[in-house]
Amino acid sequence: MSNNILEIKNLKTSFRINDDYYAAVDDVSLSVNKNETLAIVGESGSGKSALAFSIMGLHTKAKIDGSIQFKGEDIVHIAAGKLNKLRGNDMAMIFQDPLTALNPLMTVEDQIGEALLLHNRQLSKTKRKERVIHLLNQVGIPRPEYTCEQYPHQLSGGMRQRVMIAIAIANKPELLIADEPTTALDVTIQAQILGLMNDLKEQMNTGVILITHDLGVVAEMADRVAVMYAGQIVEIADVYTLFQKPLHPYTRSLLNSIPAEDSVHDKLHVIQGIVPSLQNLPREGCRFKARIPWISEDAHEENPELHEVTPGHFVRCTCYQQFYFPEEKVEEESSHGTS
Amino acid sequence: MALLEVNDLKVHFPIRGGILNRKIGAIKAVDGVSFSIERGKTYGLVGESGSGKTTTGKAIIGLNHITSGTVKFDGVDLAGFTSKKSDIRKDIQMIFQDPYSSLNGRKRVLDIVAEPLRNFENLTKTEEKKRVQELLEQVGLSPESIIKYPHQFSGGQRQRIGIARAIALKPKLIIADEPVSALDVSVQAQVLNFMQDIQKDLNLTYLFISHDLGIVKHMCDEIGIMYKGRYVESGTKADIFNHPQHIYTKRLVAAIPDINPVNRQQQKVYREEVEKEYQQNYNDYFDQEGLAYTLRHISDSHLVALPQKG
């Protein structure tokens, strides 16, 4: 129990559109342990960022039901002042785009210093500068004394992202939420930033929630993976199981649609249809049903639930048992025809 | 003969300063790039942001001024052409990165796709409508889409509208600048498959600009790697991915995330080795300004900017 730092139960985050509430995160339960990276994967519109913002309490107009327990304390119905003490201190977030997340009018030193000062008023100016330089060193910025004086626009994308990570880890958070931390970066910088995040996680025993749509990043970083579709978790498992024995049709489709070693000049798998918009989400039955129309109606459950297939490996709905790719069927039939 | 031959292309942007705002220097965005693309093939131009790959693409299509060098398309030098209305230009089209900003939000799909037709062909209203509907059908959108606006479509559909516009004049060469970078994986697959389909149907040649090596590997026959406006290595797909020679290419290939979590540790060790090699040999592989040396043949297809010996 002591290992567990975040416990989400039946979380439902709804947004108001034309006087009606629509759930973008619909009944999500998950937990994060110390020194563990939980990756949340899904396409845009699957609700993964809405989930992260709910944990950080960054939604101002959303209706949030269910419970989010951070170190045993409920943070959904917490007073704003108390939440502010937690945010940036015990839990922190790295945003996708460092150029918009950093203040263009503040030097790097002031921005990192601000995070330190807000949670420790007693910190003297010289002590603060020492800490800032130490943090910049920690995130691998080559000349910290020089970078301190610079403004965000004077830094490259990779450097900015490092500054943002420095701000996030300034107060040694126990929970770090990274929302697409490397999507805006080049591959070589991505590799460096991911390596850095991994090292920091191990040094500080942090629990990390990594939100991404890049399955390559997931394969390199995650301990456990939750796949989200249309506001729900459709599959959750440890990273090895998920990549070797993916079960849910959505997970399998996603894995099949990325160019792999042997896919050269083959067709990539395309998921039929589009991710439904928030207002048009199917709220009853299997939400992925419309995108795999070749699977028979009775393969789906009426009220799909998460089933534990092997310990720690959960899959929603029963349709995975009968799922196949349409391409496979054609091959099967043609091979029958020739034999 | 190759469809497109780029020879020693340079695109320099002036830096102005001083009281008279005179030219005091130049940013060498593209600094001596040469390559050629055979008809019907896909050529991948790879590099990190700021390496000059987009500038190269734009210079070929005429959106950037060419400082020096030649761009021969079908045997005709494009560097001398100034008129945008010349017939050569309609044989080269471009697909842009961001399907959200490259389509005019205030125009209907009909007007967006018909724009190149209006510039180059005299069609009556009914002919034009028919052509646009044919084009939309070709990219898998319903003919009724012509009266809709871009915001009514998803990202993948928008990118296909951009492709319909690009193929409207039956071009020979399409420059695709990061065509799928803004899209989700499953939509990415859809657009890539579709690009391969129309390539076969229309016998298109692609210049595929991307920073995603996984996709480049999937799509391209030949690849050029750019760094700071110059080529560091070029060759066939096998040359680049199986036998990278330049430390920069090695580092780039090593940085691709491995999709199999089992290889995680192995990949980490390999990446550290490559990084060490990169740091140690940086000064040998790049000159004082940090630029790559001249390319040299190491096989018929494989060129590498190896350090000057002696």
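How many bridges join strands β9 and β10 of chain B, and do the two run parallel or antiparallel?

A: This is a predicted model, in which local features need pLDDT of at least 70, side-chain atom pairs count only at pLDDT 80 or more, and totals for chains, interfaces and linings use all residues. Residues are numbered from 1 along each chain as its sequence is written, while chains are lettered from A and ligands numbered from 1 in the order in which they are written.

β9(B) and β10(B) (residues 230-236) run antiparallel, joined by 6 bridges. Strands pair if DSSP finds at least two bridges between them. Helices (H or I, at least four residues) and strands (E, at least two) are DSSP runs, numbered from the N terminus. Within this pairing, B:I225 faces B:E233 of β10(B). The hairpin has 2 residues between its strands, and B:K228 adopts a positive phi near 50° there.

β9(B) also pairs with β3(B), here in the parallel sense, over 4 bridges. B:L45 has B:G224 of β9(B) as its bridge partner.

Now confidence. pLDDT is the predictor's confidence in each residue, from 0 to 100. Chain B has a mean of 88, with 97% of its residues at 70 or more. In chain B, β3(B) (residues 42-46) has the highest confidence, at a mean of 95. β5(B) (residues 76-77) has the lowest, at 84. The model scores ipTM 0.80 and pTM 0.86.
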